[in-house]
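Here's a quick briefing to read alongside the sequence and the 3D view. Have both open before you start.

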Amino acid sequence: MNTIRNYLESMFAKLPNTPEVIKAKCELGQMMEDKYSELIHNGKSENEAVAQVISEFGNLEELADALGIREAIQDGGTGNSAGREVSLEEARSYLDSRAHCSLLHGLGTFFAVLSPGWIILSAAFGWSTRLDLTAGLLFLFTMIAACVGLHVYASLRMRKWAFLKTETCSIDYGTAGMVNDVRRASRDMAALQRTVAVLLFCTCYVPLSLFAVAGASSALLGFGVVLLLFMTGLGTLILIVSSSRENGCRLLLGLNSPQRVDGSYYKGQGEGKYTNKAASAILSVLWPTAVCIYLIVSFLTFSWAVSWIIFPITVVVDRLLKTVFRVKEGKENE
Amino acid sequence: MGISSDVIRGCNDTIILCLLLEEPSYGYEISKKIRSRTKDAYIIKETTLYSAFTRMEKDGYIESFPGVSENGKRRTYYRITDTGRMYYAEKCEEWELTKSVVERFIKEIQE
C-alpha cells in the first residue's frame, strides 16, 4: 500500500496546492486503496496487486480540465518553471556540511570567549613575571587566530551552497520527504540542546557568586571568572550547533513554493504539533508578568542585586513551556 | 482484442449514469460494477472515472454526498439528479442513432 501511496504522492507533487487538487488526490487514493484491498482479499500477492492498481490508474492528463491544472501539467513536463533541481544527495550533503560548519563556527566563538582566560588566571594567581605575561598574551592571540581561522574556513566551505539562496531552486517530492524526516528527528534534540544552553547561560555566574559570598581567595575568584567564560562559551557553542540542522532543513523545504503540493511541508504539515490553550495563555502573559513582579519587588525591597534573577528563570520557564507544549512561534514559521 | 479508449470515451457518461440510476454509489464500486458487467472487457481507469464525476457534477447531472460503504469506510457517494435522468435519456437516444449509423458500415470482409 505504501508503494501506491508514494506513486500517488509523486504524481501530484508538482501540481498546484488547491482544494480541487487535494480532493482529487484523496478520492483517487481511496479508489486505489479499495481496489488494492479487494485484490489482496482475493488472494493476489502484494506485488501483483500494486502492479495492477498502478497500471489501471490512468494518467493525470485526463484530470487536467476537471481540475483546471492544464498549465501546471505542461509546466511539469518541461520542468522549466521549477528552476534548478536539488537532488537527494545534494540535500543530504548540504545538511551535513551545514552541521559541520556550524560546529566550526561554534568552536571559533568558544575559543574567542575563552581567549582571555590565561591572562585572568595569571592575574588572579599573581603570576606577574615577563614570561607569564607573554604566555598569557600568546594564549590570547592563538585563540583569536584559531577563532578567525575557523570562521573563515567554515564560511569558505559553505560558499559552494550559496546558489541555494541566490538562484531559484526546487526539491522533488522524495527529497522533501527525507528532509522533513530529518527535521522532525532533529527537532526534539535541538530543543533539548537549546534548553541546556540557556541553563548554562543562567547558571554561569553561580560559581563566581558562591566564591564571592564565601569570601574566597583571589585565585578562586579568578578561577570563577574563567569558569564563567567557559560556561558562556560552551552555551554559545551548543546554541549555534543546535539550530544548524533545523535551519538547513527549513531552508531546503522553503525552496518549493507553498502553492505546490510538495511545498506544503513548509507549513509543518503532519508534525503532530498542537497548541495547548493553557500554555499559550500563560506564555502570552509570561513576560509582562515577570517585568511587573520585577519592578514591584525591586521598588518595595530595593534588592536590585537579587531581583533580576527572575529574568533568567523566566527564560527557562518560557523555553520549557514551548518545548513541552510545542507552541508554534509565529515569526519562526513565516 | 482490448477495447479502444478513444471509442468508448463518449459513452462513459452513459455507463456511469446507468449504474447511478439503479442506486447511489461511490468510486470503486462503480468501477467494479463496470468491470464485472462487461466480464472484464472494459476496465475504466481511475482518472477517467474521477474526471467524469467532477465534470458531470459541475454540469448538474449528478450530486455527491458523504456516505459509508458496506465495509464501514467513509466514501464520497454520487446520485443522479433529474437533469441527469434527462441527459441519460438523450445519451441513450444518441447511442441508438450512432449505432444504427455505424452498423451500416460493419460487415465481414470476404476474401
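How many helices and strands are there in chain B? Chain B has five helices and three strands, where helices (H or I, at least four residues) and strands (E, at least two) are DSSP runs numbered from the N terminus. One thing to keep in mind is that this is a predicted model, in which local features need pLDDT of at least 70 and side-chain atom pairs count only at pLDDT 80 or more, while totals for chains, interfaces and linings use all residues. Residues are numbered from 1 along each chain as its sequence is written, chains are lettered from A and ligands numbered from 1 in the order in which they are written, and side-chain values use heavy atoms, with hydrogens and water left out.

**The two chains**

- Reading chain B from the N terminus, the elements go α-α-β-α-α-β-β-α.
- Chain A has 15 helices and two strands.
- Of the 334 residues in chain A, 37% are buried, and for chain B the figure is 40% of 111 residues; buried means under 20% relative accessible area, exposed over 50%, and partly exposed in between (1.4 Å probe, protein chains only).
- In chain A, 79% of the contacts between residues at least 6 apart in sequence join residues at least 24 apart; contact here means heavy atoms within 4.5 Å.
- In chain B, residues 24 or more positions apart make up 49% of the contacts with a separation of 6 or more.
- Chain A exposes about 17900 Å², with 66% of it from carbon and sulfur atoms, and chain B exposes about 7200 Å², with 54% from those atoms; these accessible areas come from the Shrake-Rupley method with a 1.4 Å probe, and for residues only the protein chains shown count as cover.

**Where A meets B**

- The interface puts 23 residues of chain A in contact with 23 residues of chain B.
- About 2000 Å² is buried between the chains, 49% of it given by carbon and sulfur atoms; that is the accessible area (1.4 Å probe) that two parts lose on being put together, summed over both.
- On the chain A side, Met31(A), Asp34(A) and Glu62(A) lose the most area to chain B, together 29% of what that side buries.
- Eleven residue pairs are in polar contact across the interface (both at pLDDT 80 or more); a polar contact is a pair of N or O atoms within 3.5 Å, where within protein one must be able to donate a hydrogen and the other to accept it, and residues adjacent in sequence count only if both atoms are side-chain atoms.
- Helices H2 (19-41), H3 (46-55) and H4 (64-67) of chain A are the elements that give two or more residues to the side touching chain B, and H2(A) gives the most, with twelve residues.

**Salt bridges**

- Asp34(A) and Arg75(B) pair up at 2.7 Å, N to O. Asp34(A) sits in helix H2 of chain A and Arg75(B) in strand S3 of chain B, so this pair joins two chains. Both Asp34(A) and Arg75(B) are buried.
- Glu9(A) bridges to Lys25(A), with the closest N and O atoms 3.1 Å apart. Since Glu9(A) is in helix H1 (residues 2-12) and Lys25(A) in helix H2 of chain A, the pair ties together parts that are 16 residues apart in sequence.
- Another cross-chain bridge links the side chains of Arg35(B) and Glu56(A) (3.5 Å, N to O).

**Inside chain B**

- Helix H3 (residues 27-37) of chain B has several buried residues, among them Tyr28(B), Ile30(B) and Ile34(B). The cover over the buried residues of H3(B) includes H2 of chain A.
- Tyr42(B), in the loop between H3 and H4 of chain B, is buried at 7% relative accessibility. A 2.7 Å polar contact joins the side chains of Tyr42(B) and Asn12(B).
- Thr81(B), in the loop between S3 and helix H5 (82-103) of chain B, is buried at 12% relative accessible area. The Thr81(B) side chain reaches the backbone oxygen of Tyr61(B) at 2.9 Å.

Terms used:
Salt bridge = Lys/Arg side-chain N within 4 Å of Asp/Glu carboxyl O.
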